[in-house]
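Trainee: I would like to learn how to read a protein model. Can you take me through some features, one at a time?

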Amino acid sequence: MAHFPVSSSILSSNALSPLLQEQYNLSTSTTCRLLKAGVNHTYLITDQTNRYIFRIYSLNWRSEQEITEEIRLLQLVQNHNIAVSVALPDVSGQYIQPINAPEGTRLGVMFSFAPGEKCHSLSIDQHYQVGETMARFHQVTHNLTLQRVQYTPQLLLMDPFEELKKFLPTDIPEMQFMKSAQRYLLDQLTTANLQSIRQGVLHMDIWFDNLNIYDDKEITLFDFDFCGNGWLCHDIAYYLLQLHNTEKAETEYQSKTESFLRGYESITPLTTEEKRLLPVLAVCSHFFYLGVQCQRYENWSNVFLNDAYLKRYIQVLVKRYFESNHLG
């Protein structure tokens, strides 16, 4: 056997650089540097003063149609004057690059670079601006449908629990809590008043790591890899969940939460039902992303996906948020 089969590989930056120079008509001085190796691999492309992001999707993570729909969404949002990192065509007008990796054909896309930088401790005013930006995004995607995933209770709560069971026995306290929480959350989702919940296309991953801020106020959204169809308020719940995880002082958390929601509702009001469901959907996000970690543990950036990590995640993040919001 000349080469042993692999399930996941990291492509050489040195080999990608000349390939991208040719495909995108970049200069011979263009450099390529790996930024992040997770479910997808992200490379920083620098051509003199211009910067780009090249994303290589993991094998069989997204289909060509799903990626095409993501690109279509980005173009639509940009056309409505919302700053997003958009896909860029190559010299032949193609957006998706097939790459013959050791594990099989992987797909790559070049994106514009979001100006500014990440800021993991936003000011109260910046949270207000993020709220405005998210609401404007939802105005564009309200009642829109993509040929991509539908965020159903099955996908959010049931499938992730089955993935988690591959790593943890069901009779331990953490899994007993997850099972009880799952029953409660499923009941909340299935009995919700659908007439009072806006549906459309959601980002599903808007938080500090997926937006850049330029000049303290200009916000650009990126990384739409988890975009799909569902309740728009799920984006709000996920953002508030991340805020809860990062702001340890209760007064700071409350003031920044209120500022974000004021910013959102300055563009689009939330219904009473949507507000009621925010903590419920936040815990659903924990379930969903735990499932992704278990499903894609070979690609996940956390290399210690073991029982200790999962127990700590459930106790420190999921259970703490569940109980602090008086759910169940």
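Trainee: Which residues in H7 are buried?

Mentor: Keep in mind that this is a predicted model. Buried means under 20% relative accessible area. In H7, that applies to Tyr253, Lys256, Thr257, Ser259, Phe260, Gly263 and Tyr264.

Trainee: What covers the buried residues of H7?

Mentor: The cover includes three helices: H3 (124-141), H6 (233-246) and H9 (307-324).

Trainee: How many residues does H7 have, and how far does the helix reach?

Mentor: To read a helix, compare its end-to-end reach with the expected span. H7 covers residues 250-265, which is 16 residues. From first C-alpha to last, H7 reaches 22 Å, close to the 22 Å expected at 1.5 Å a residue.

Trainee: What does that comparison give for H3?

Mentor: H3 has 18 residues and should span 26 Å at 1.5 Å a residue. Its end C-alpha atoms are 26 Å apart, so the two agree.

Trainee: Which residues of H3 are buried, and what do they pack against?

Mentor: Gln126, His127, Val130, Gly131, Thr133, Met134, Ala135, Phe137, His138, Val140 and Thr141 are buried. The buried residues of H3 pack against helix H2 (64-79), helices H6 and H7, and strands S7 (199-202), S8 and S9.

Trainee: Now pairs of helices. At what angle do H4 and H5 pack?

Mentor: For a pair, read the angle and the distance between the axes. H4 (residues 153-164) and H5 (residues 173-190) pack at about 165°, with their axes 10 Å apart. Angles over 145 degrees count as roughly antiparallel. That makes H4 roughly antiparallel to H5.

Trainee: Is their crossing left-handed or right-handed?

Mentor: The crossing of H4 and H5 is left-handed. Look at the side chains too. From H4, Pro153, Leu157, Met158, Phe161 and Leu164 take part. They meet Met175, Met178, Lys179, Gln182, Leu185, Leu186 and Leu189 of H5.

Trainee: How do H6 and H8 cross?

Mentor: Their axes come within 8 Å and cross at roughly 70°; H8 covers residues 272-295. H6 and H8 are therefore roughly perpendicular to each other. Among the H6 residues that meet H8 are Ile236, Leu240 and Leu241. The H8 residues they meet include Leu278, Leu281 and Tyr289.

Trainee: Let us turn to loops. What is the phi of Asn143?

Mentor: Phi of Asn143 is near 65°, a positive value in a residue other than glycine. Asn143 follows H3 and lies in the loop between H3 and H4. Asn143 is exposed, with a relative accessible area of 60%.

Trainee: What is the phi of Asp215, and where does the residue lie?

Mentor: Phi of Asp215 is near 55°, again a positive value in a residue other than glycine. Asp215 lies in the loop between strands S8 (211-214) and S9 (218-221). At 48% relative accessible area, Asp215 is partly exposed.

Trainee: Is Glu103 buried or exposed?

Mentor: Glu103 counts as buried, at 12% relative accessibility. Its place is the loop between strands S5 (97-101) and S6 (104-112). Leaving aside neighbours within four places in sequence, Glu103 is in contact with Val6, Ser7, Ser8, Ser9 and Leu59.

Terms used
Residues are numbered from 1 along each chain as its sequence is written. This is a predicted model: local features need pLDDT of at least 70, side-chain atom pairs count only at pLDDT 80 or more; totals for chains, interfaces and linings use all residues. Side-chain values use heavy atoms; hydrogens and water are left out. Helices (H or I, at least four residues) and strands (E, at least two) are DSSP runs, numbered from the N terminus. The expected span of a helix is 1.5 Å times one less than its number of residues. Buried means under 20% relative accessible area, exposed over 50%, partly exposed in between (1.4 Å probe, protein chains only). Contact means heavy atoms within 4.5 Å. Axes are lines fitted to C-alpha atoms, for helices over the stretch in contact, and angles run from 0 to 180 degrees between N-to-C directions. Angles under 35 degrees count as roughly parallel, over 145 as roughly antiparallel, 65 to 115 as roughly perpendicular and the rest as oblique. A crossing is left-handed if the near helix is turned anticlockwise from the far one by less than a right angle, and right-handed if clockwise.
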